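My notes follow in the order in which I looked things up.

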Number of protein chains: 2
Amino acid sequence: MANKHKQHADDVNDLLREFGNNVYRQRTRGEGNPISQEKLAEKAGLHRTYIGAVERGEKNLTLFNICKIALALGIQPADLMEFEEETINAISEKL
Amino acid sequence: MANKHKQHADDVNDLLREFGNNVYRQRTRGEGNPISQEKLAEKAGLHRTYIGAVERGEKNLTLFNICKIALALGIQPADLMEFEEETINAISEKL
């Protein structure tokens, strides 16, 4: 049981980390000009420390905040939801 | 201020309702065979009443639950994140 919980936590962490990387990548070298965490936070109506935590994979953020961050980056919500097959498979296998 | 809060709530509600419709559509006539809410809930490791609330647009669900629902439907997380331009614009304009 402890192992099962740990595996679950690993899967969540991998997913959140990848999402954070997607945000970081789009923010620093995405379709628009690179912008700072502060600027992104301001545009999305969120706090800079929150954006920092998202990029570090520390936030299991909600649908609405995913959308706000995407739109503040000038992209579509779906554009932030691309994940490695390995990450997706690890979650899928445990469903 | 009250108006601003109301508008914000409307935008969130529209987004969640559309997400719920996406889940409903995929569940009932998506790529796989139609499955019941019960079956989807079971596959995703979530409760049936939770899936019902998601489909009614009552849940601002988290990234990980979005992924679990998508994978239980046999689709990619991004596939559930398609929204009407109008919905997206309404959120975008207020950022």
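Entry 1: I started with the buried residues of α2(A), and they are L40(A), A41(A) and A44(A). I count a residue as buried if 20 or more other C-beta atoms lie within 10 Å of its own, as exposed if 12 or fewer do, and as partly exposed in between, with C-beta atoms placed from the backbone. The three cover an arc of only 100° around the axis, so they sit on the same side of α2(A). The arc is taken from the directions that run from the helix axis to the C-beta atoms. An α-helix has 3.6 residues a turn, so residues three or four places apart point the same way. After α2(A) comes G45(A), with a positive phi near 70°.

**Entry 2: ground rules.** The model is predicted: local features need pLDDT of at least 70, side-chain atom pairs count only at pLDDT 80 or more, and totals for chains, interfaces and linings use all residues. Residues are numbered from 1 along each chain as its sequence is written, while chains are lettered from A and ligands numbered from 1 in the order in which they are written.

**Entry 3: chain A overall.** I found five helices and zero strands in chain A. Helices (H or I, at least four residues) and strands (E, at least two) are DSSP runs, numbered from the N terminus. The C-alpha trace of chain A spans about 45 × 25 × 20 Å along its principal axes. Of its 95 residues, 33% count as buried.

**Entry 4: E38(A), buried or exposed?** I checked this residue of helix α2 of chain A. E38(A) is exposed, because it has 12 other C-beta atoms within 10 Å. E38(A) and H8(A) are 30 residues apart in sequence, and their C-alpha atoms are 32 Å apart.

**Entry 5: α2 against α4.** α2(A) and α4(A) pack at an angle of about 120°, and their axes are 8 Å apart. Axes are lines fitted to C-alpha atoms, for helices over the stretch in contact, and angles run from 0 to 180 degrees between N-to-C directions. L40(A), K43(A) and A44(A) of α2(A) meet K68(A), I69(A) and A72(A) of α4(A). Contact requires C-beta atoms, placed from the backbone, within 7 Å.

**Entry 6: what does chain A bring to chain B?** The contact takes 26 residues from chain A and 26 residues from chain B. On the chain A side, α1 (2-29), α2 (37-44), α4 (63-72) and α5 (85-93) each supply at least two residues. α4(A) gives the most, with seven residues. That side divides into 19 nonpolar, four polar and three charged residues. Here Ala, Val, Leu, Ile, Met, Phe, Trp, Tyr, Cys and Pro count as nonpolar, Asp, Glu, Lys and Arg as charged, and the others, Gly among them, as polar.

Entry 7: α5(A) packs against α4(B), residues 63-72, at about 75°, with axes 10 Å apart. That makes the two helices, α5(A) and α4(B), roughly perpendicular, a label for angles of 65 to 115 degrees. I88(A), I91(A) and S92(A) touch C67(B), K68(B) and L71(B).

**Entry 8: I91(A).** I91(A) is part of helix α5 of chain A. It is buried, since 21 other C-beta atoms lie within 10 Å. Leaving aside neighbours within four places in sequence, I91(A) contacts D11(A), L15(A), C67(B), K68(B) and L71(B). Its C-alpha atom is 9.5 Å from that of Q7(A), 84 residues apart along the chain.

Technical notes
Two residues are in contact if their C-beta atoms, placed from the backbone, lie within 7 Å. Angles under 35 degrees count as roughly parallel, over 145 as roughly antiparallel, 65 to 115 as roughly perpendicular and the rest as oblique.
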